[in-house]
Structure formats: C-alpha cells, structure tokens
Amino acid sequence: MADDIIDLHDGRHDLGCMNLIAFHRVLIGAAIIFFAGYSAWEFAAFARGNDVVRLLLSAGALVAAVLLLLYLRRLKRFLGMPE
C-alpha cells in the first residue's frame with residue numbers, strides 16, 4: 001500500500017509538479033483577463049451614467065488585474081523555484 005504513494009520530492013516526478021504550475025499559470029492568466037475586462041465594462045458603465053460606484057469598481061478590478069500580473073511574473077520566486 002505504501003508503494004502506491006508518489007513522493008513529489010524524490011526528483012523523478014517533477015513533471016506532475018510542473019503541470020500543476022502550468023495549470024496555475026493558466027488560471028491566473030484567465031483571472032487577469034477577467035479582471036481587465038470587468039474593469040473596462042465598469043468604466044464604460046461609468047462613462048454612460050457617471051455613477052461613482054462604477055468608477056470605484058473599475059479601479060478595484062484594474063488594481064486586482066495588475067496585482068495578479070505581478071504575481072504571475074514572479075511566480076517562481078513565490079514558489080521558491082530557481083529562475
């Protein structure tokens with residue numbers, strides 16, 4: 001039973017860890033696109049109606065997109081992997 005457990009730190013199964021990191025990058029990229037699009041949508045709504053709440057939502061979504069972009073660019077550093 002213990003032979004069925006895969007040790008990810010033994011050096012032989014690094015491919016599984018890399019696939020997980022690649023999938024994480026895809027998800028973060030999708031989140032960046034979502035937040036950027038949502039920011040543009042809220043800004044367009046602000047331009048039509050001058051509602052300050054729409055402007056704040058747009059700015060918040062833009063900040064989230066930028067922070068996620070910075071995280072994505074420095075992902076290896078956050079995970080402690082060599083660059």
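Let's start with serine 39, which is found in helix H1, residues 14-49. Helices here are DSSP runs of H or I with at least four residues, strands are runs of E with at least two, and both are numbered from the N terminus. This is a predicted model, where local features need pLDDT of at least 70, side-chain atom pairs count only at pLDDT 80 or more, and totals for chains, interfaces and linings use all residues. Residues are numbered from 1 along each chain as its sequence is written, and side-chain values use heavy atoms, with hydrogens and water left out.

Is serine 39 buried or exposed? Serine 39 is buried, at a relative accessible area of 6%. Buried means under 20% relative accessible area, exposed means over 50%, and partly exposed is in between, with a 1.4 Å probe and protein chains only. Setting aside neighbours within four places in sequence, serine 39 is in contact with Ser58, Ala61 and Leu62; contact means heavy atoms within 4.5 Å.

**The whole chain**

Stepping back, the chain has three helices and zero strands. Read from the N terminus on, its elements run α-α-α. Of its 83 residues, 18% count as buried. Take the contacts with a separation of 6 or more: 51% of them are accounted for by residues 24 or more positions apart. The chain exposes about 6600 Å², and carbon and sulfur atoms supply 69% of that. Those areas come from the Shrake-Rupley method with a 1.4 Å probe, and for residues only the protein chains shown count as cover.

**The salt bridge**

How many salt bridges does the structure hold? There is one salt bridge, and in it the side chains of arginine 54 and glutamate 42 meet at 3.1 Å, N to O. Arginine 54 lies in helix H2 (residues 52-73) and glutamate 42 in helix H1, so the pair ties together parts that are 12 residues apart in sequence. The term salt bridge asks for a side-chain nitrogen of Lys or Arg within 4 Å of a carboxyl oxygen of Asp or Glu.

Not counting residues up to four places away in sequence, glutamate 42 touches Arg54, Leu57 and Ser58.

**Aromatic rings**

The structure also holds four aromatic pairs. In one of them, the rings of phenylalanine 34 and phenylalanine 35 have centres 5.4 Å apart and planes at 65°, so the pair is edge-to-face. Another, made by phenylalanine 43 and phenylalanine 46, is tilted, with 6.0 Å centre to centre and 45° between the planes. For the record, rings of Phe, Tyr and Trp (its six-membered ring) pair if their centres lie within 6.5 Å; planes under 30 degrees apart count as stacked, over 60 as edge-to-face and the rest as tilted.

Which residues form one aromatic cluster? They are Phe34, Phe35, Tyr38 and Trp41.

Phenylalanine 43 and phenylalanine 46 both lie in helix H1, three residues apart, which is about one turn of the helix.

| Residue | Relative accessibility | Class |
|---|---|---|
| Phenylalanine 34 | 52% | exposed |
| Phenylalanine 35 | 26% | partly exposed |
| Phenylalanine 43 | 44% | partly exposed |
| Phenylalanine 46 | 17% | buried |

**A nonpolar patch**

On the surface, Leu62, Val63, Val66, Leu67 and Leu70 form a nonpolar patch, with about 440 Å² of accessible area together. Patches are made of residues with over 30% relative accessible area and no salt bridge; like charges are joined within 9 Å, and nonpolar side chains (Val, Leu, Ile, Met, Phe, Trp, Tyr) within 5 Å.
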